[in-house]
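Hi,

Here is the structure I said I would pass on. My notes on the sheet and the salt bridges follow below it.

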Amino acid sequence: MTAPRARPVVDVRWLGRTDYAASHAIMEQVLADRIAGRIPDTLLLVEHEPVFTLGRSRGAAGNVLDAGDVPVLPVRRGGDVTYHGPGQLTGYPIFALPEHRYDLHGYLRGLEQSIMATLVHYGIIGVRDERNTGVWVSGRKIAAIGIACRRWVTWHGFSINLDMDLRPFARINPCGMDSDLVTRIADQVSNPPDMMTLRRDVSREVIGWWRRWSAVSP
């Protein structure tokens, strides 16, 4: 009989509230360590200081309408321009895709499903939009996803709007769409979770999905 595949170990690290450049440097180092096999799969969680980031989509820079005093940084992920700031949880799964799961589309859809499962904890029904990545509630985007992959190890990831100030989204066309189409957990329920609870719940959902998805051959 074939021995059952071991459940992958996932290390979760909370980076706290920090500026994007510092957390990006940590992400780069964790990525290098994961590629080299020095560490297990790792989920970095962070609450960023205000920043606009530009993905690799053509024309992303043109969707910055008025950055003002908020830094604008190009990043090596998919997607367009987005905003990160206090009150938003950003997650960076640094996961090594197994050979039978070299499927970035399936990986991205799994992250969406994990976020949707997280929102259910708070009585929120999130859905996919077949034309756009992320998770949506009543036609408004509550979570964004932009991933990258190096030597079949994923990096960059997702962000979930908890109770952040949404006004900076009016200074960009987030992912090429109208800024009015952005929402947050605090807009959907009268008793939203705190950041610690959201961290706990999304970690459990992402890790649970990852263990199931990565361990089963298609």
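First, a term for later: buried means under 20% relative accessible area, exposed means over 50%, and partly exposed is in between, with a 1.4 Å probe and protein chains only. Keep in mind that this is a predicted model, where local features need pLDDT of at least 70 and side-chain atom pairs count only at pLDDT 80 or more, while totals for chains, interfaces and linings use all residues. Residues are numbered from 1 along each chain as its sequence is written, and side-chain values use heavy atoms, with hydrogens and water left out.

On to the salt bridges. By that I mean a side-chain nitrogen of Lys or Arg within 4 Å of a carboxyl oxygen of Asp or Glu. Searching the whole structure turns up 12 of them. Here are some.

- Arg17 pairs with Glu49, with 3.1 Å between the closest N and O atoms. Strands here are DSSP runs of E, at least two residues, numbered from the N terminus. Glu49 counts as partly exposed because its relative accessibility is 28%.
- Arg34 and Asp41 meet through their side chains at 2.8 Å, N to O. Arg34 has 18% relative accessibility, so it counts as buried. Asp41 is buried too, because its relative accessible area is 4%.
- Arg184 and Asp187 form a salt bridge at 3.0 Å, N to O. Arg184 is partly exposed, since its relative accessibility is 23%, and Asp187 is partly exposed at 41%.
- Arg109, Glu112, Arg128 and Glu130 are linked in a network of salt bridges.

Strand 3 (residues 51-54) and strand 5 run antiparallel and are joined by 4 bridges. What stands opposite Phe52 in strand 5? That is Tyr83.

Cheers

Technical notes. Pairing = 2+ DSSP bridges.
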